[in-house]
Amino acid sequence: MHVSQAQNGAVQINLREQDPFGQFLVDGQGKSVYLFLKDSSVTSSCYDACAVTWPPVLTSNENITAGEGVQSSLLGTIKRNDGSLQVTYNSHPLYYYEDDKKAGDVEGQDKDDFGAEWYLVKPDGEKMGDVEK
């Protein structure tokens, strides 16, 4: 499972600009993060097999920093069923996609999986929407 966090549990959320998408959120290593339309603002709907395919972006201590262009006021956390803290942005729980192997990979964009669609996250916290890859 991909967990991108420093030894102290800190997580950084940055912006990446990449054609044809424009700007979207990534972690401190440049890995794309996604939102899941099945989630509510305070609850993740992705557990078990879903969380293997779409690992949550976790922090151990709510130490989340906003890179340039990321609105720190939109960053937060929710508590998952196992007690871990999942990073949120604009109240959307954030996830990685297991098929994204390196910085800049966006294989999860506009994917219908586990009962709803998954999208990259724009700087304003909204879903990326449909973009021709």
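This is a predicted model: local features need pLDDT of at least 70, side-chain atom pairs count only at pLDDT 80 or more; totals for chains, interfaces and linings use all residues.
Figure 1. A disulfide is a covalent bond that links the sulfur atoms of two cysteines. The torsion about the S-S bond of Cys 46 and Cys 50 is about -110 degrees, so the disulfide is left-handed. Are the cysteines buried or exposed? Cys 46 has a relative accessible area of 0% and is buried. Cys 50 also counts as buried, because its relative accessibility is 3%, and buried means under 20%.

**Figure 2. The open sheet S2-S1-S5.** Three strands are shown here: S1 covers residues 11–18, S2 covers 22–27, and S5 covers 64–66. The sheet is open, and its pairing is mixed. S2 and S5 are the edge strands, each pairing on one side only. From one strand to the next, the twist averages 30 degrees. S1 and S2 run antiparallel and are joined by 6 bridges. S1 and S5, in contrast, run parallel, with 3 bridges between them. In a regular strand, side chains alternate between the two faces of the sheet.

**Figure 3. Ile 13 and its bridge partners.** In S5, Ile 13 has Ala 66 as its bridge partner.

**Figure 4. The open sheet S3-S10-S9.** This sheet also has 3 strands, and its pairing is antiparallel. Its edge strands are S3, residues 34–36, and S9, residues 111–113, and each of these pairs on one side only. Neighbouring strands of the sheet are turned by 30 degrees against each other on average, with direction ignored.

**Figure 5. Lys 31, a buried charged residue without a salt bridge.** Lys 31 is found in the loop that lies between S2 and S3. What is the nearest side chain of opposite charge to Lys 31? That side chain belongs to Asp 105, and it is 6.1 Å away. A salt bridge needs a side-chain nitrogen of Lys or Arg within 4 Å of a carboxyl oxygen of Asp or Glu, and Lys 31 has none. The side chain of Lys 31 does have a polar atom 2.7 Å from the backbone oxygen of Asp 100.

**Figure 6. Ser 72 in a loop between two strands.** The loop runs between strand S5, residues 64–66, and strand S6, residues 75–79. Is Ser 72 buried or exposed? Ser 72 is exposed, with a relative accessible area of 53%; the term is used for values over 50%. Asn 90 is 18 residues from Ser 72 along the chain. The C-alpha atoms of Ser 72 and Asn 90 are separated by 9.8 Å.

Key:
Residues are numbered from 1 along each chain as its sequence is written. Side-chain values use heavy atoms; hydrogens and water are left out. Two strands pair if DSSP finds at least two bridges between them. Helices (H or I, at least four residues) and strands (E, at least two) are DSSP runs, numbered from the N terminus. Axes are lines fitted to C-alpha atoms, for helices over the stretch in contact, and angles run from 0 to 180 degrees between N-to-C directions. A disulfide is a pair of cysteine sulfur atoms within 2.5 Å. Buried means under 20% relative accessible area, exposed over 50%, partly exposed in between (1.4 Å probe, protein chains only). Lys and Arg count as positive and Asp and Glu as negative; His and the chain ends are not counted. A polar contact is a pair of N or O atoms within 3.5 Å; within protein, one must be able to donate a hydrogen and the other to accept it, and residues adjacent in sequence count only if both atoms are side-chain atoms.
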